[in-house]
Amino acid sequence: MNCKHLLGYLFLGLLIMGCKNEDIGPAISMPLEIQPFYGDFLEEASSHGVKLEVKNLLIKYESLPPSGGIAQCGLSSGIFNGETKNIIRIDTTCTAWKHSRLAREVVLFHELGHVLLLRQHDNTQLSNKDWKSMMYGGNWFVTEYYIEKPERRSYYLNELFNSDTPAPEWSQ
């Protein structure tokens, strides 16, 4: 290798090392088991007319400490709370995660609601005392509606992608 090539490789190496991950382009990383849920979320967003530009998203499994004495299934940080990277941590040992596929969907859609839709918790109740939103701060209760009354799923998905969705008939 001659000196010109060595300098070229050295310059290229310094250029690559000097780039920050955000500068390289969109980085999306998640466990294989999460990918179908992520794909479903993107399809639901599209079917609700929501266009998403996803970048800097990391979803990983992690043991989460209880919050206020209650086990956490998911925890997010990202643009919605002033961070530059969107990170979702999922505790696979929590009850909701182990319950069913629909329960895992609610956990992931709730966390993706934070980082991709910039939604905060919404602890509003409907007139029948059911939670108005999948973005309820303790989303296991919304999971129960999904599991016990799966026909309600469409309302919760509509509300997730449009917080102005009117209350459903079954809530009267």
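User: Which cysteines form a disulfide here, and how far apart are their sulfur atoms?

Analyst: A disulfide is called when a pair of cysteine sulfur atoms lies within 2.5 Å; in this predicted model, C73 and C94 form one, with their sulfur atoms 2.0 Å apart. The rule gives a count of one disulfide, and the link of C73 and C94 is right-handed, with 115° about the S-S bond. The pair links distant parts of the chain, 21 residues apart, as C73 sits in the loop between β2 (57-61) and β3 (74-77), and C94 in the loop between β4 (86-90) and α4 (95-99). Those elements are DSSP runs numbered from the N terminus, helices being H or I of at least four residues and strands E of at least two. Residues are numbered from 1 along each chain as its sequence is written. Local features need pLDDT of at least 70, side-chain atom pairs count only at pLDDT 80 or more, totals for chains, interfaces and linings use all residues, and side-chain values use heavy atoms, leaving out hydrogens and water.

User: Are C73 and C94 buried or exposed?

Analyst: Buried means under 20% relative accessible area, exposed over 50%, and partly exposed in between, with a 1.4 Å probe and protein chains only; both C73 and C94 are buried.

User: In what order do the four strands form the sheet?

Analyst: Two strands pair if DSSP finds at least two bridges between them; here the four strands form an open sheet in the order β1-β2-β4-β3, with mixed pairing. The edge strands, each pairing on one side only, are β1 (28-29) and β3. Between β1 and β2 the pairing is parallel, over two bridges, and I28 has L57 in β2 as its bridge partner.
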